[in-house]
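Q: Hey, I've just opened this one and I'm new to it. Can you walk me through what's there?

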Amino acid sequence: MTNLSDEEKSLPERLAEDVIAFILQEHLEPGDKLPNESVLSEKMGAGRSSIREAMKLLASRNIVTIRQGSGTYIAKTPGIVEDPLGFTFIGDKEKLVTDLLEVRFLLEPSIAGMAASNATAEDILRIRRLCLEVEELLAAGTDHTHKDIEFHTAIAMSSKNLVVPRLIPIINSTIPLFIEMTGNILKQETMETHRAVTEAITAHDPIRAHDAMYLHLVYNRSKITSKFVERSNTTMQAYEASNCKHPDI
């Protein structure tokens, strides 16, 4: 498929590109607020309705977030949609979890190592805070999924690798599935391994961070595997019991 020329693009599409250029030119960061429609309309020489359509296009690409009554902001992960690989539409969740875990083993220990090498003081403070918040939620028996995602995202962002943030949806999409599949019983293991990863990053020790993250994933793999075996055994026992009740004649 060939790219459309400027002449073939609609006005909102061209304005959307102009807004992206403006974001880059002004060095706006995720979470920053964009000027309102009137200001952008004046800057770009276009009507407010066209600017509004351009913003809808950018929102559909997760470049901006439109908050009714508040304004338009740079998305937290610009250009990365929530489910870019379509995991939602994969029916076999057990196979999906297993395969995602394999990919996390390939990626996340190395990402933790990079974070240990490159994290700034501000990054470390954020990782430490999120580690503590996850622990507090686990100790209270409260759902920690969202904070767990924030913790792993903060580590990925601290790698300072331009490609790694684009891989975050792969990591984030597995966390709710892992928590569900393990029955959220890996509380102590999660706290200990999160803490070990955090301390290694704080110490700028990439090897220790790599190994701590690897161990974190090992605990998940072990528990998920045992859950699958347990479920398979339960299904088999139910099948055998059913056959005993209804023997062939």
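Q: Let's start with α5. What span should its 20 residues have at 1.5 Å a residue?
A: They should span 28 Å, and the end C-alpha atoms of α5 are 29 Å apart, which agrees. Keep in mind that this is a predicted model.

Q: Which residues of α5 are buried?
A: Asp123, Ile124, Ile127, Leu130, Cys131, Val134, Glu135 and Leu138 are the buried ones in α5. Looking down the axis of α5, you'd see them fall within an arc of 140°, so they line one face of the helix.

Q: And what's exposed on the other side of α5?
A: Over there, Ala121, Glu122, Leu125, Ala139 and Ala140 are exposed.

Q: What do the buried residues of α5 pack against?
A: They pack against three helices: α4, α6 and α8.

Q: Let me zoom in on Ile127. What is Ile127 in contact with, leaving aside neighbours within four places in sequence?
A: Phe151, Ala154, Ile155, Ser158, Thr198 and Ile201.

Q: Ok, on to the largest nonpolar core. Which of its 25 residues touch the most other members?
A: Those are Ile111, Ile127, Phe151, Ile155, Val197, Ile201 and Ala209. At least two residues of this core come from each of α4 (93-118), α5 (121-140), α6 (145-158), α7 (164-181), α8 (187-202) and α9 (206-245).

Q: Which helix gives the largest share of this core?
A: That's α5, which supplies 6 residues. There's also a second, separate core of 16 residues, with Ala16, Ile23, Leu34 and Met44 among them.

Q: Switching topic: where is Ser159 found?
A: Ser159 sits in the loop between α6 and α7.

Q: Is Ser159 buried or exposed?
A: Ser159 has 2% relative accessibility, so it counts as buried. Setting aside residues up to four places away in sequence, Ser159 touches Ile111, Met114, Ala115, Asn118 and Val164.

Q: What about His216, where is its place?
A: His216 is in helix α9. His216 counts as buried because its relative accessibility is 5%.

Q: Let's go back towards the start of the chain. How many residues does α3 have?
A: Helix α3 runs over residues 48-60 and has 13 of them. From its first C-alpha to its last, α3 reaches 18 Å, close to the 18 Å expected at 1.5 Å a residue.

Q: Which residues of α3 are buried?
A: Ser50, Ile51, Ala54, Met55 and Leu58. They cover an arc of only 140° around the axis, which puts them on the same side of α3. The buried residues of α3 pack against α1 (11-25), α2 (37-44), β1 and β2.

Q: What comes just after α3?
A: Asn62, which takes a positive phi of about 55°. Asn62 is in the loop between α3 and β1, and with a relative accessible area of 22% it is partly exposed.

Q: And His27, what's its phi?
A: Phi of His27 is near 55°, a positive value in a residue other than glycine. His27 lies in the loop between α1 and α2, and it is exposed, with a relative accessible area of 63%.

Q: Now the strands. In which sense do β1 and β2 pair, parallel or antiparallel?
A: Antiparallel: β1 (residues 64-67) and β2 (residues 71-74) pair over 4 bridges. Ile66 stands opposite Thr72 in β2.

Q: How many residues are between β1 and β2?
A: There are 3 in this hairpin, and Gly69 in the turn has a positive phi of about 80°.

Q: Last bit, the big picture. How many helices and strands are there in the protein?
A: You've got 9 helices and 2 strands. From the N terminus on, the order is α-α-α-β-β-α-α-α-α-α-α.

Q: How much of the protein do buried residues make up?
A: They make up 37% of the 249 residues. As for the accessible surface, it comes to about 14,600 Å², and 55% of that belongs to carbon and sulfur atoms.

Terms used
Residues are numbered from 1 along each chain as its sequence is written. This is a predicted model: local features need pLDDT of at least 70, side-chain atom pairs count only at pLDDT 80 or more; totals for chains, interfaces and linings use all residues. Side-chain values use heavy atoms; hydrogens and water are left out. Two strands pair if DSSP finds at least two bridges between them. The expected span of a helix is 1.5 Å times one less than its number of residues. Buried means under 20% relative accessible area, exposed over 50%, partly exposed in between (1.4 Å probe, protein chains only). The arc is that of the directions from the helix axis to the C-beta atoms. Contact means heavy atoms within 4.5 Å. A nonpolar core is a set of buried Ala, Val, Leu, Ile, Met, Phe, Trp, Tyr and Cys residues joined through side-chain atoms within 4.5 Å. Accessible areas come from the Shrake-Rupley method with a 1.4 Å probe; for residues, only the protein chains shown count as cover.
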